[in-house]
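Work through the exercises below with the sequence and the 3D view side by side. Try each task before reading its solution.

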Amino acid sequence: MMAPDRSDGVTLCACKGIRRCLICEKFRGKGPVEANGAKIVHNFLYDPETRLAICKDAETASFPFPGVFLWQNFISEEEEKMLTSTMDQDVWNESQSGRKKQDFGPKVNFKKRKVREGGFSGLPPLSQKIVLRMQQEPSLAGFQPVEQCNLDYHPQRGSAIDPHLDDSWLWGERLVTINMLSNTTLTMSLEQGLPELGLAEEVHIAVHLPRRSLVVLSGEARHRWKHAIHREDIHERRVCSTYRELSAEFLPGGQQAELGAQLLDIALSFQGTPI
């Protein structure tokens with residue numbers, strides 16, 4: 001789906017509200033900008049070996065940062081090429097902040113808390129063996145994704161995604177993402193700081209995502225810390241696939257268990273095409 005053209009011939013992107021990309025900034029401006037010069041941010045780097053957040057300037061002690069699991073070389077070069085070339089055979093739809101996307105999942109209205117099948121036909125066929133491999137990791141035991149979202153980032157579009165928390169009404173405890181085609185950095189942030197560690201100002205933790213790695217967010221990293229991909233951390237084309245599982249409300253024993261079972265049956269047929 002191509003972006004519509006304005007009457008003056010400038011191609012519009014999909015940015016709305018305060019969202020910006022390099023395309024729309026040419027005629028809309030850069031939007032609201034924080035006075036970063038007066039803003040204090042404590043910067044840490046995540047160490048996947050020790051699972052510690054390590055202060056970049058060594059002025060503050062490191063602290064445990066649970067809820068992030070990194071699996072390097074989760075897919076091979078051959079798998080990466082096959083997955084991304086298959087995605088490129090389908091349409092990439094314009095999305096916010098210079099991204100493009102492909103959705104494989106149910107139709108959701110988060111404001112009204114309504115979900116239905118819509119045109120959902122399942123996760124794509126190539127994801128079946130990928131999901132089986134995920135489930136071999138103890139922290140992903142029983143992981144049954146009901147949605148897959150493919151995203152395409154490119155520096156020429158100024159692609160990014162703002163700090164946010166994923167919905168927790170429909171989506172469950174674990175968010176799983178495969179990072180492809182280039183390295184990038186996932187920035188975790190906590191605006192209110194960490195008073196228990198004497199950090200009253202905003203805290204950022206940089207989680208480096210190597211090409212072909214898988215990252216899982218759960219616990220506080222899923223529900224308390226916002227996550228983002230900043231424009232300056234996209235140096236080459238990046239494609240990622242994010243998989244989401246259902247929340248307890250849609251699982252056996254939950255209020256909408258029947259609907260959840262129907263959605264999972266569709267998802268795990270692995271016969272899907274992008275919506």
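**Exercise 1: the second largest pocket**

Among the elements that line the second largest pocket, α2 gives the most, with 3 residues. This is a predicted model, in which local features need pLDDT of at least 70 and side-chain atom pairs count only at pLDDT 80 or more, while totals for chains, interfaces and linings use all residues. Residues are numbered from 1 along each chain as its sequence is written, and side-chain values use heavy atoms, with hydrogens and water left out.

Task: describe the volume and the lining of the second largest pocket.

Solution. Begin with the volume, which is about 170 Å³. A pocket is an open set of points on a 1 Å grid over the protein atoms alone, with protein on both sides within 12 Å along at least five of seven lines, and lining residues have an atom within 4 Å of a point. Next, look at the residues: 16 of them line the second largest pocket, and T86, M87, D90, F104 and P124 are the closest to its centre. Then turn to the elements, where α2 (77-88), β6 (100-104) and β9 each give two or more residues to this lining; helices (H or I, at least four residues) and strands (E, at least two) are DSSP runs, numbered from the N terminus. Finally, sort the lining by class, which gives 8 nonpolar, 7 polar and 1 charged residues. In this sorting, Ala, Val, Leu, Ile, Met, Phe, Trp, Tyr, Cys and Pro count as nonpolar, Asp, Glu, Lys and Arg as charged, and the others, Gly among them, as polar.

**Exercise 2: the largest cavity**

Task: find the residues that line the largest cavity.

Solution. A search of the whole structure finds 1 cavity of 30 Å³ or more, a cavity being a set of points where a 1.4 Å probe fits but cannot get out. The largest cavity has a volume of about 30 Å³, where a volume is the space filled by probe spheres set on the points, and grid points are joined across faces, edges and corners. Its lining is made by L83, M87, I178, M180, S241 and Y243, with α2, β11 and β16 each giving two or more residues. By class, this lining holds 5 nonpolar residues, 1 polar residue and no charged ones.

**Exercise 3: the surroundings of β9**

Task: is β9 buried or exposed, and which strands pair with β9?

Solution. 9 of the 9 residues of β9 are buried, so β9 is largely enclosed by the rest of the structure; buried means under 20% relative accessible area, exposed over 50%, and partly exposed in between, with a 1.4 Å probe and protein chains only. β6 and β9 pair in the antiparallel sense over 5 bridges, and F104 has Q148 as its partner in β9. β9 and β16 also run antiparallel, joined by 8 bridges, with E245 in β16 as the bridge partner of P145.

**Exercise 4: a loop residue**

Task: where is A141, and which residues does A141 touch?

Solution. A141 sits in the loop between α3 (127-134) and β9 (145-153). A141 counts as partly exposed, because its relative accessible area is 47%. Leaving aside residues up to four places away in sequence, A141 touches Q135 and R174.

Definitions and conventions
Contact = heavy atoms within 4.5 Å. Pairing = 2+ DSSP bridges.
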